[in-house]
Amino acid sequence: MDLQSKAPAGDIETRWSRHKFNMKLVNPANRHKYNVIVVGTGLAGGALAATLGEQGYNVKAFCYQDSPRRAHSIAAQGGINSAKNYPNDGDSVFRLFYDTVKGGDFRARESNVYRLAEVSVNIIDQCVSQGVPFAREYGGLLANRSFGGAQVSRTFYARGQTGQQLLLGAYQSLSKQIDAGTVEMFPRTEMLELIKVDGKARGIVTRNMVSGEIESHLADVVVLCTGGYGNVFFLSTNAMGCNATATWRAHRHGALFANPCYTQIHPTCIPVSGENQSKLTLMSESLRNDGRVWVPKKKEDIQKSPADIPEEDRYYYLERIYPSFGNLVPRDIASRRAKEMCDQGLGVGPEVDGERRGVYLDFGDAVQRLGKKAVEERYGNLFEMYERITGEDPYTTPMRIYPATHYTMGGLWVDYNLESTISGLFVGGEANFSDHGANRLGASALMQGLSDGYFVLPATVANYLATAEKVEIDQSHPEVQAAVQSVRDRMEKLLSINGERSVDSFHRELGKIIWGYCGMARTKEGLETAIEKVKALRAEFWKNVRVLGGSEELNVSLEKAGRVADFLELGELMCRDALMRSESCGGHFREESQTEEGEAKRDDENYQFVGAWEWQGEEQEQVLHKEALEFEYVKPSQRSYK
Amino acid sequence: MSTINLVLHVWRQTGSDDKGSFETYQAKDVSEHSSFLEMLDQVNETLVADGTMPIAFDHDCREGICGSCGMVINGTPHGPQKATTTCQLHMRQFKDGDEVWIEPWRANAFPVVRDLVVDRGSFDRIIGAGGFVTARTGSAQDANALPIAKGIADQAMDAAACIGCGACVAACPNASAMLFTAAKAGHLNLLPQGQPEKESRTRNMVAQMEAEGFGHCTNHYECMDACPKGIDVEFIAKLNRDFVAATVTARAPLNTRAK
Ligand SMILES: Cc1cc2nc3c(=O)[nH]c(=O)nc-3n(C[C@H](O)[C@H](O)[C@H](O)COP(=O)(O)OP(=O)(O)OC[C@H]3O[C@@H](n4cnc5c(N)ncnc54)[C@H](O)[C@@H]3O)c2cc1C
Ligand code: FES
């Protein structure tokens, strides 16, 4: 398969505007004749459904929560980037583009990243016009902060609830369209299968999560905005329901899955506290602006109260190893170094599974330097959240943090139009692989979701509708019937196994395997072991899972079982991709490929490509396709944060 | 690590046509570090092992922000800890041997779906009636062309912090949705962007709230106490003022939506 990015050539600054001009439009009077399915109503899908509805298309939108307002985007805390350069500190579209390509460790497509940076300025305008209450300065202008080590202040924020406010903005616009009847909303409805007719995406099969009813929905184009797959790890900062089912089902129909091994481990999360933990909580990265990271220098100190460890016995390892970036090194580096400290037996906090996995994030100096009030103003709500969860007060005792899975850069392969390898199937937001390469910069996911949803997809989806031949099909089409039947069969199968183990126990075990072997550091042997373990676990799942109840009722175990079954396939592919890529880049660290100082070592000669996998059938090894990456504007260099 | 044992009385109801009743379960060896929902996960694992359907409850982020979770715990929405959602309530708030009564939100406008899961679609319809600013995608002016006094922006954010969980309704003796509606309308009515539609928004949201069957607000203020985000009842007073102002200009009958 020849992967065509379809990115326009020529001057990068005008690529998107030229491309937009060359795309076809749909006459406003004809738009209501087109049916569009949008699966997922987080930032990407919510923004898209609202925009297409307002433009007059006939939209059906789906989400698994009881309301679109609850999508996982709501949990984003820190902020959203934009190249507005309001602080006049030297930012520009080109600089945001440059930082994103470099931050992604030269594994993203330049054209897409440039467009993202370009559109970023429109996003802020759009959100403010909707009434998103971003933080402001006393003069009434928008406030910005520097985030995740960026050297300019380009992050817009709404207290510690940026994702919530952006999502509510999109949700409110969407609600207006739902009320107006241009968008039909299906909450508590899960997509379980893609319908493909004559090689094109033509609809989806869904399950009503209240009544259990299986239905098919047909359309002229299908867009998946279903978020990331971080929950493969079981413990992650993602919401409990985040899943890969929609993208994985599309993958099984021929949509290539790109770079599945690129996952982001966020350095500042609250450590695991016990065996029954269900999820991990992120503490915003902004904390690293003022908090200092350390571990005890001596192993005998790890159980001491941090207050009893004198200054000279504390190892501020990030400040030591990276004098110029210090505590603000990129996420992957901060995460890996924390792991290294704990591997050396210097971790702090309670013992879980025989290990202490935690490092201190200390605000003692900040409180002294700025005063408690200033610290409270900046981080008050985060400190409260920390105290609620751990029972400890971060003003007086250093926080304990440890990395956790947070974001997935991999996803369905898409071209410049965000169209997958299945014609008529578009993918937006975290669900696609497009813009972040091997590592995403802080505050850039919200930007990408809204860029895709408000600006890119409305144009490219319209172009598709204007150029594709319109063929009517109905529910009686054999492909539709077959898709519905396959969903029914799968439900029946899951319900009939009636084995010994709960769905969660399989999910937890899968998470442990992937975290252990395909987490912050990966090796050839480890990945080979993991693949065997995942296969064995998958085989056991289909023999020994216990799902009670029936399919025609609200059945939480059944919902979870379907998702975990897909994770059990995706988990293996993540390991295979990590095994194939025997270089280190961004969030993917192969121990075999590191510099003398222990930093990630890329291998541009052999791995400067997107790895996109093609499904071959159950229990068959997938086939790798490569999209070569070219860098015309940002020349690949080794990242250095020393 | 210390663990506790609890006796749970949990509302079980298979669907809207079932009457429902309390069932008693033992929660054993619960870590004080567990959240309330993790405690329920643990109980559910034992139920599944015994062949009993697990307790259904809504939840997603488990970070106190999505507003999915919510149950009445010993008579209080979201349980004993102030300004805390159920998912953020931790078991160190309970003692060994405690009996815990767990029920769904109870309100006519929130029918029970199953066990502790209720249908809050009425909230979405209140937003659809007017809880937005019309802003056509792609046509916005530069964001800084409209400076907004920090005080106003901060106040709008205080209102916008509502997570739409419904605890205010569950806490209210009349099952009124005034705090929710006031927070949502207040956020937009305060901002300059919200001015052109302020009157229709206020009228239509209030009309929709009444059409959904929520009760009237008689100033008990239990809602503010139960709100996990501490939304101030001051916004209810503001909504009342905005409503009076909007009725003066009303061209459509007050209790129907001008569409
Ligand atoms: C704790 C946390 C903090 C973060 N902070 C930041 C930050 O500060 N800045 C930043 O830029 N990024 C941040 N991120 C990342 C960012 O929030 C996400 O990447 C982004 O919001 C994803 O948006 P989305 O629209 O792609 O998907 P989501 O918001 O995850 O939406 C997915 C949608 O798909 C639906 N869905 C999923 N599967 C199905 C299915 N099978 N059937 C039907 N519907 C389905 C869901 O119901 C939902 O509506 C953070 C992430 C986390 C976890
Ligand atoms: S689960 Fe999201 S607020 Fe509790």
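Trainee: Which domains does chain A have, going by the assignment?

Mentor: The assignment gives domain 1, covering 266-405, and domain 2, covering 496-603. Keep in mind that the model is predicted.

Trainee: OK, and what separation do you get between the centres of domain 1 and domain 2 of chain A?

Mentor: Taken over C-alpha atoms, the two centres sit 28 Å apart.

Trainee: How many residues are in contact between them?

Mentor: On the domain 1 side of chain A there are 15, and they are in contact with twelve residues of domain 2.

Trainee: And what area do domain 1 and domain 2 of chain A bury between them?

Mentor: About 960 Å², with 46% of it on carbon and sulfur atoms.

Trainee: Switching to charges, how many salt bridges are there between the two domains of chain A?

Mentor: Two salt bridges. One pairs the side chains of A:Arg337 and A:Glu599, at 3.0 Å from N to O.

Trainee: What about polar contact, how many residue pairs?

Mentor: Five residue pairs between domain 1 and domain 2 of chain A, with both residues at pLDDT 80 or more.

Trainee: Which elements give two or more residues to the domain 1 side?

Mentor: In chain A, those are α8 (331-343) and β17 (399-408). The largest share comes from α8(A), with six residues.

Trainee: How do the residues on that side divide into nonpolar, polar and charged?

Mentor: For the side of domain 1 of chain A that touches domain 2, you get five nonpolar, four polar and six charged.

How values were computed
Residues are numbered from 1 along each chain as its sequence is written. Chains are lettered from A and ligands numbered from 1 in the order in which they are written. This is a predicted model: local features need pLDDT of at least 70, side-chain atom pairs count only at pLDDT 80 or more; totals for chains, interfaces and linings use all residues. Side-chain values use heavy atoms; hydrogens and water are left out. Domain bounds come from an automatic or database domain assignment. Contact means heavy atoms within 4.5 Å. Buried area is the accessible area (1.4 Å probe) that two parts lose on being put together, summed over both. A salt bridge is a side-chain nitrogen of Lys or Arg within 4 Å of a carboxyl oxygen of Asp or Glu. A polar contact is a pair of N or O atoms within 3.5 Å; within protein, one must be able to donate a hydrogen and the other to accept it, and residues adjacent in sequence count only if both atoms are side-chain atoms. Helices (H or I, at least four residues) and strands (E, at least two) are DSSP runs, numbered from the N terminus. Ala, Val, Leu, Ile, Met, Phe, Trp, Tyr, Cys and Pro count as nonpolar, Asp, Glu, Lys and Arg as charged, and the others, Gly among them, as polar.
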